[in-house]
Amino acid sequence: MSLYLFRSLSARLLCLAGVLACAGIACAQTPGSSRPNLGPPEPAGSSGLNWPTRPLRLVVGFGGGSSPDFVARVLAAPMAKALGQPVIVENRSGASGNIAADIVAKSTDQHTIGILINGNMTIAKILNPALSYDPQKDLVPLSIICTAPLVLATTPEASRTDARGFLDAARAAGNRWSYGSPGIGTIGHLGMELLKARTGIGATHVPYQGNPQVITGLIGEQLQLALLPPGLADEQVKAGKLRAIGVTSPRRSALVPDYPSLQEVGLKDFELEIWTAAAAPASLPAPIVQRLNRVLAELIRLPEVRQQLFQHGYEAVGLSGEALVRRVKADTAALAQIIASQGIRLE
């Protein structure tokens, strides 16, 4: 088959996937973007590896329009071009992404990859011992695709001093102050509990349905604290409705460069980020894992991919599988201690 006919057939398959969107399966294309110039796909046998041999699927644990879904769709088209096979995004939402992670962990077709968030790859089994997969044993990390810090946000009324003065006031308030999160076991919840442990703040947790409701609670002064994604926080800060104390990344973030890091304002060794990563079943043969590592590293270096992620509130990272393994271990250790000390469970 000629290269022209092959590309034509791939394009038709990608369009057919779009028709299946009503069933929860959609071909990933980013409106208004051009396909990156990766050159022709590498012939399947050129590296001695006859893979992939059919379309790949990127399984996402959240619905269309979510941040992990966006990340998957940014990657899918250039991945298809690099690998010479269509790449289809499959949304399998539920259980904070753990349904999708379970599907990936148990897949044996060698053509399934997960686009997962922190919790799916770190503390899922610790929070819920009944979970049917173990991220430490059943998933192989491929790459951290992108990260974002959380913003420690408060109300203008509660923050009339500098950041250090605010933290002193929060400690003095004890449990008279409250903080909100999108629910028990979320990064906003566990991150605040970690912050409390490091600072001596005693604020009471109030779970909400989602971050928009948390923001409403802050603006209405039912809450005094929350850890929010930068895009959501920055909009309200610029409108004068909230104040940003700092970000949870180890240094200032290009996403919100005017906000200091919490380490800058005196919280040493405090680091917590939202990250989205690619993972595969632990049963995937090592040569395929290595090829996926190489391809993902190339894709994440593409200027178009980096720009799209940045515009959506993420910094492209592209950490290797080995680096992701270290990150998973570090995050799991830090958050597991908080989960144990507070007796947090999701059963």
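Started with helix H2, residues 67-83: arginine 73 and aspartate 69 both sit in it, four residues apart, about one turn of the helix. This is a predicted model, so I'm reading the distances as model values. I checked the contact, and the two side chains meet in a salt bridge, at 2.8 Å from N to O.

Next I went to helix H3, residues 98-106. There aspartate 102 and lysine 106 are four residues apart, so about one helical turn separates them. Their side chains also meet in a salt bridge, with 3.2 Å between N and O. I looked up the accessibility of aspartate 102 too: its relative accessibility is 16%, so it counts as buried, because the cut-off for buried is under 20%.

Then helix H7, residues 163-173. Which spacing do arginine 171 and aspartate 168 have here? They are three residues apart, so again about one helical turn lies between them. The salt bridge between their side chains comes out at 2.5 Å, N to O. On accessibility, arginine 171 is partly exposed at 33% relative accessible area, and aspartate 168 is partly exposed as well, at 44%.

I also looked for salt bridges with shared partners. Those join Arg57, Glu90 and Arg92 into one network.

Last entry: how many salt bridges does the structure hold? I get eleven, among them the pairs in H2, H3 and H7.

Technical notes
Residues numbered from 1 in each chain as written. Predicted model: local features only at pLDDT ≥ 70, side-chain atom pairs only at ≥ 80, totals over all residues. Heavy atoms only, no water. Salt bridge = Lys/Arg side-chain N within 4 Å of Asp/Glu carboxyl O. Helix = DSSP H or I, 4+ residues; strand = E, 2+ residues; numbered from the N terminus. Buried < 20%, exposed > 50% of the residue type's maximum accessible area, 1.4 Å probe, protein only.
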